[in-house]
Amino acid sequence: MAGETVLWLHAVTRGLDPRQLAGLIGVGGRPVRTVEAAGLVAVVSPVDLGEFGEEPLRRNLEDLAWLEVVARAHHDVVDAVGRAGPVVPTRLATVYRDDARIGTVLADRRADFSAVLDRVTDRTEWGVKVYAAPAPPRPAAAPAPDTTGPGAAYLRRRREQLSAEHQTQQAAVDDAQEVHAALSRCAEAVRRHPPQDRRLTGQAATMLLNGAYLVGTEHSQQFGATVAALSGRYRTIRLELTGPWPPYSFSTVEFSTVEDFGVVEHRDPPR
Amino acid sequence: MSHAPQSSAMVGRTPGDMASTGHEPANLADILERVLDRGIVIVGDIRVSLLDIELLTIKLRLVIASVDTAREMGIDWWEYDPWLTSRPRRPIEADAAADEAHALEADAAAEEARERRLDREKHRA
C-alpha cells in the first residue's frame, strides 16, 4: 500500500493556464498538476497512500505539527490558484483515487462549482475579528451604609462590581454588532463564524466577532478604510483585519438568510 | 492582488499597505479554521471525518492533560461544547458575569436575612 499514489484535491477553478502553476508544490511535497473536465479545472497533488490513506490520515491529523505543515501547504496552493483567477477552495483532506474519479466529481457537481465560481469572481474575502478591549480601572465603590453586617456589605459591593462589569461587556457586544452591521453594508455577502478558541489564538481578550466579508476586489481599499475608521470609533473593542483571503467562507452551497440590512448572509448550518 | 494573506493589527493599515510589508506567515488559527471548516464540502474517496478530528484534537492539544487541573484553572470549555455535551453554550462571558451577579444577589439577600434574624434573637435574649 505504501508507494501507491492518490490525489489530494486543493481547489477547483476554470480557465486556468496550467503554466501559471509552474513550480508550485502540493501537500505531498510533489508539484501540483491539473485535471480538466466539464469546463472546470481541478488542482491536485499526488500523495502517498501510506501517509494520506484513511488510517494514516486519521493518525496524522491528530498530530498538530503535521497538521500545521499540511494546512499551510494546502492553503498556499489555494492562494496561488486564487491569484490566477476565481477559485473554489476544497476542505483539507479531500482525497481521490485517480484522475477519472476527479473528472466524475467535476461533472457531477458542475452546477455547484460553477455557482460558487460565479459568486466569487473578481471578489475578495476579508476577515475582521473584534475583541473586547481591556476594561479601564474602576474607582473603588462607595462604602455601604452600616445598617447591615459586614458580610452583606461585601456581597453588595461585589454585586455592584459585577453589574458594572456586565454593563461594560454588554456595551462591547453591542459595539461589535454595530461594526458587523457597518461592514456588512460594504460587502456583497457576509458570514459570521464562531469565535476562535482562545487557546488556539493565544489571546486573553474575549473575541466578540469573527466575521468574513466578500467584497468586490475593486473596493478593497475602501473596505480597508472603513475598517480603519471603525477601529477608531469605539473604546470598548479592538478590531483586527486579515486578508486578502481566497473565498473559503463563501464556497459552501447551503441555505442562506437575508439580514435586516438587506445583505445575504450565509450561516453555518446547525450541527 | 499579488500578495499572500497575512494577519495585521489594524492601526493605520489598509489593504494597499499589505503589499509593501512583506510576507509574514498568516496566523495558524486563521488558516486552520478556514481549511478545516470552510471550503466546499465534497466527499472524497478517502473517508475521514474532519468533524471527528478537528475540534477535539486542536482543543485537546492545547489544554492541560488533566481535566481536573484544567478545571481548577478555569478552563472548562468542554462543559459548554455542543460536540461533547448537551448543555447550552454560552458564547460570551457577559452571561457568566450576570449569572454570578444573580447568585451573589441571592447570597446577599440570604445574608441580610440571617443578620436580621440574629439581631432579633439578640434582642429577645
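Colleague: Which residues does Ile102(A) touch, leaving out those up to four places away in sequence?
Modeller: Keep in mind that this is a predicted model. Ile102(A) is listed among the residues with the most contacts inside the largest nonpolar core. Setting aside residues up to four places away in sequence, its partners are Leu7(A), Leu9(A), Val35(A), Ala42(A), Val44(A) and Tyr96(A).

Colleague: Which residues of helix α5 of chain A are buried?
Modeller: Let's start from the opposite face. The side of α5(A) turned away from its buried side carries the exposed residues Ala111(A) and Asp118(A). What covers the buried residues includes β1, β3, β4, α4 and β6 of chain A. The buried residues themselves are Phe113(A), Val116(A), Leu117(A) and Val120(A).

Colleague: Within what arc do the buried residues of α5(A) fall, seen down its axis?
Modeller: The residues in question are Phe113(A), Val116(A), Leu117(A) and Val120(A). They line one face of the helix, because seen down the axis of α5(A) they fall within an arc of 100°.

Colleague: Which element gives the most to the side of domain 1 of chain A that touches domain 2 of chain A?
Modeller: Eleven residues of domain 1 are in contact with seven residues of domain 2 in chain A. On the domain 1 side, α3 (64-84), β4 and α5 of chain A each supply at least two residues. The residues of that side divide into seven nonpolar, one polar and three charged. With five residues, the element that gives the most is α5(A).

Colleague: Is strand β9 of chain A largely enclosed or open?
Modeller: The strand covers residues 237-245 of chain A.

Colleague: Which residue in β9(A) stands opposite Gly127(A)?
Modeller: Strand β6 (residues 123-132) of chain A is joined to β9(A) by seven bridges. The two strands run antiparallel. Across from Gly127(A), the residue in β9(A) is Thr242(A).

Technical notes: Residues are numbered from 1 along each chain as its sequence is written. Chains are lettered from A and ligands numbered from 1 in the order in which they are written. This is a predicted model: local features need pLDDT of at least 70, side-chain atom pairs count only at pLDDT 80 or more; totals for chains, interfaces and linings use all residues. A nonpolar core is a set of buried Ala, Val, Leu, Ile, Met, Phe, Trp, Tyr and Cys residues joined through C-beta atoms within 7 Å. A residue is buried if 20 or more other C-beta atoms lie within 10 Å of its own, exposed if 12 or fewer, and partly exposed in between; C-beta atoms are placed from the backbone. Two residues are in contact if their C-beta atoms, placed from the backbone, lie within 7 Å. Helices (H or I, at least four residues) and strands (E, at least two) are DSSP runs, numbered from the N terminus. Two strands pair if DSSP finds at least two bridges between them. The arc is that of the directions from the helix axis to the C-beta atoms. Ala, Val, Leu, Ile, Met, Phe, Trp, Tyr, Cys and Pro count as nonpolar, Asp, Glu, Lys and Arg as charged, and the others, Gly among them, as polar.
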